[in-house]
Amino acid sequence: METETLALAQEIDFSMWGLFARATLTVKLVMIALIAASIWSWAIIVHNLVAYRRAKREARRFDRAFWSGEPLDELFEQMGPEPKGRAQRVFAAGMLEWRRSHREDGGLIPGAQARIDRSMNVAIAQVSDELQNGLSVLATVGSTAPFVGLFGTVWGIMNAFVEIAEQQNTSLAVVAPGIAEALLATGLGLLAAIPAVIFYNKLSADADRILSGYESFADEFATILSRQLDS
């Protein structure tokens with residue numbers, strides 16, 4: 001009897017595709033959802049890693065240009081009012097408001113400093129939204145994927161016990177496929193969740209550092225303009 005049971009178990013396809021093909025519709029839907037969530041998470045991770053690297057490179061390049069001693073008006077003319085770089089956009093927002101604050105006679109409209117600060121803060125907020133785009137998805141996948149996988153596991157094990165009861169057989173050939181299918185759902189849940197959590201923490205920290213650099217620049221730029229306002 002044991003020899004027959006082992007022979008039967010060896011004939012069962014325990015590959016990933018075989019386990020998926022034998023799973024019930026509910027478990028299949030869970031697996032497909034987890035695979036889709038994993039692919040979506042990796043797409044966000046790769047996109048944000050590239051975007052953050054580009055943002056850091058642009059910020060370094062802009063810092064060199066800003067502190068090179070070149071007149072700020074000339075630097076602004078070279079970049080234009082709508083530059084592509086994020087650091088440049090913060091600078092452009094401040095310069096645009098600075099120019100708008102001048103009257104035709106050359107004097108300044110009262111409250112210029114406050115308006116310049118608000119303009120740069122709005123630009124930083126817009127940049128922040130861009131940098132943090134997709135991070136909420138990673139947080140959601142990281143926190144929910146294990147539970148979705150666990151749901152698939154519970155459902156699969158329940159069906160395995162139902163099959164045992166129907167066949168009145170607790171042999172390995174009957175029990176193993178259902179348990180393996182159920183555990184595959186848990187594995188896919190962890191496969192989706194672990195990278196999402198790791199990269200959510202990393203990307204959040206990177207975004208905070210980049211935004212901190214923009215805020216520091218905005219403070220320094222506002223100080224420079226304040227000196228000109230007071231002179």
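Is Ser119 buried or exposed? Ser119 is buried, with a relative accessible area of 18%, where buried means under 20%, exposed over 50% and partly exposed anything in between, using a 1.4 Å probe and protein chains only.

## Ground rules

This is a predicted model, so to speak: local features need pLDDT of at least 70, side-chain atom pairs count only at pLDDT 80 or more, and totals for chains, interfaces and linings use all residues. Residues are numbered from 1 along each chain as its sequence is written, and side-chain values use heavy atoms, with hydrogens and water left out.

Ser119 sits in helix H6; helices here are DSSP runs (H or I, at least four residues), numbered from the N terminus. Skipping residues up to four places away in sequence, Ser119 touches Ala93 and Glu97, contact being heavy atoms within 4.5 Å.

Over in helix H7 you'll find Leu138, buried with a relative accessible area of 0%. Leu138 touches Ser41, Ile44, Ile45, Ala196, Phe199, Tyr200 and Leu203, again not counting residues up to four places away in sequence. Leu138 and Pro195 are 57 residues apart in sequence, yet their C-alpha atoms are 8.7 Å apart in space.

## Where H3 meets H5

Helix H3 (residues 25-66) and helix H5 (residues 86-100) have axes that come within 7 Å and cross at roughly 50 degrees. The axes are lines fitted to C-alpha atoms over the stretch in contact, with angles from 0 to 180 degrees between N-to-C directions. H3 and H5 are therefore oblique to each other; under 35 degrees would be roughly parallel, over 145 roughly antiparallel, 65 to 115 roughly perpendicular, and the rest is oblique.

On the H3 side, the contact is made by Ala51, Ala55, Glu58, Ala59, Phe62 and Phe66, and on the H5 side by Arg86, Ala87, Gln88 and Phe91.

## The core and H4

The largest nonpolar core has 51 residues, and Tyr52, Phe66, Phe91, Leu131, Tyr214 and Phe221 touch the most other members. Such a core is a set of buried Ala, Val, Leu, Ile, Met, Phe, Trp, Tyr and Cys residues joined through side-chain atoms within 4.5 Å. H8 (172-230) is among the helices that each supply at least two residues, and its share is the largest, at 17 residues. Beyond its neighbours within four places in sequence, Phe91 contacts Phe62, Phe66, Leu72, Leu75, Phe76, Met79, Phe217 and Phe221.

In H4, Leu72, Leu75 and Phe76 are the buried residues. They cover an arc of only 100 degrees around the axis (taken from the directions to the C-beta atoms), which puts them on the same side of H4. Glu77 and Gln78 are exposed on the other side.
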